[in-house]
Amino acid sequence: MDSNKYKQYDLHCHSTASDGELSPVALVQHAVKCGVDVLALTDHDVTDGLADAAEEAQRHALEFYSGVEISVSWNKHLIHIVGLNFDVENKQLQSGLAGLREQRDGRAEEMARRLDNIGIEGSLEGAASFANGQILSRTHFARFLLQNGHVKTMQECFDRYLGAGKRAYVEVEWISLAQAVEWITSAGGQAVIAHPGRYKLSATKLRRLIEDFKQAGGLGLEVISGNQDINMTRNMVEYVRRYELFASIGSDYHGPSQVWRKMGRMPVLPESCEPIWSLWAG
Ligand code: AMP
Ligand code: MN
Ligand code: MN
Ligand code: MN
């Protein structure tokens, strides 16, 4: 019997190194408190939180793996690819991620200009004050908009200003799907499509995404993602079976203010799924 099956895995979450609310150390402590046994920290386009998180995990005997969530453009859609258990020092991966962060900086300036044009001033500095240095995310802009009373909820920030096609949305050509998979794979890791149910893709398009991903050498699909509908999970179970992919699990936890997304509360993977961590045995 595989005793790993009954461990709580969480292979997708965020710290203050990207747009999470908890520091890497506090995040690990929170994961321990929530009963997580195996954790990967997957900040957006940056790996700076991993060293502190790994050290804290060791203090608690929490099994910890490297992770990152990479922004990718695929047929005009912004897709997130999670990389797991790779060599953090890998030069190609790190220089690639540095390029993405530069793109983020340019995008942030343009977002701020657009907000300026509609009478919302000081958003670049405002967003930066919520960020921890390395990356500027739409989440940081959202926190600024919220704090300054421009909106009442985070959702409203995205619905009115920051979501795709909205007034302050800046379309960016991120790297290709194949490029992200290659960086992760050549750093010795596994590439996983993050939260496949959240892209609002038709079934045909989602199948095409999975086929392109698989062709590029991608290995896994997040079958279970934070507060996901059970029917979506069933669909994802069917996709991993049909495309012979490995299954992953991640809360996509960003911090305590997202009360609907918790750590340590994930369902167990169905028996029919081959977990991505079966590749890590030994
Ligand atoms: P970025 O990576 O800078 O494009 O920002 C995307 C991030 O914004 C995602 O990783 C989420 O954390 C956050 N986000 C996207 N949509 C929403 C939403 N509707 N409500 C709250 N946060 C969101
Ligand atoms: Mn995020
Ligand atoms: Mn994501
Ligand atoms: Mn995420």
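Donors are N, O and S atoms within 2.8 Å of the metal (3.2 Å for Na, K and Ca), and because water is not among the atoms, sites may look incomplete. Helices (H or I, at least four residues) and strands (E, at least two) are DSSP runs, numbered from the N terminus.

Are Glu 69 and His 195 buried or exposed? Glu 69 is buried, with a relative accessible area of 0%, and His 195 also counts as buried, at 4%. Buried means under 20% relative accessible area, exposed over 50%, and partly exposed in between (1.4 Å probe, protein chains only).

Now select the manganese ion (ligand 2), which is 5.6 Å from the manganese ion (ligand 3). Asp 19 (OD), His 44 (NE2) and His 254 (NE2) are the protein donors here, lying 2.1 to 2.2 Å from the ion. Their spacing in sequence is D-x24-H-x209-H. His 44 is found in the loop between strand 2 (38–40) and helix 2 (50–59), and His 254 in the segment after strand 8 (246–250), so the pair ties together parts that are 210 residues apart in sequence. His 44 is buried at 6% relative accessible area, and His 254 is buried at 8%.

Finally, select helix 8 together with helix 9 (residues 230–242). Their axes are 12 Å apart and the helices pack at an angle of about 40°. Axes are lines fitted to C-alpha atoms, for helices over the stretch in contact, and angles run from 0 to 180 degrees between N-to-C directions. Helix 8 is therefore oblique to helix 9; angles under 35 degrees count as roughly parallel, over 145 as roughly antiparallel, 65 to 115 as roughly perpendicular and the rest as oblique. Show the side chains of Ala 203, Leu 206, Arg 207 and Ile 210 in helix 8, which meet Met 236, Tyr 239 and Arg 242 in helix 9 (contact means heavy atoms within 4.5 Å).

Residues are numbered from 1 along each chain as written, while chains are lettered from A and ligands numbered from 1 in the order written. In this predicted model, local features need pLDDT of at least 70, side-chain atom pairs count only at pLDDT 80 or more, and totals for chains, interfaces and linings use all residues, while side-chain values use heavy atoms, leaving out hydrogens and water.
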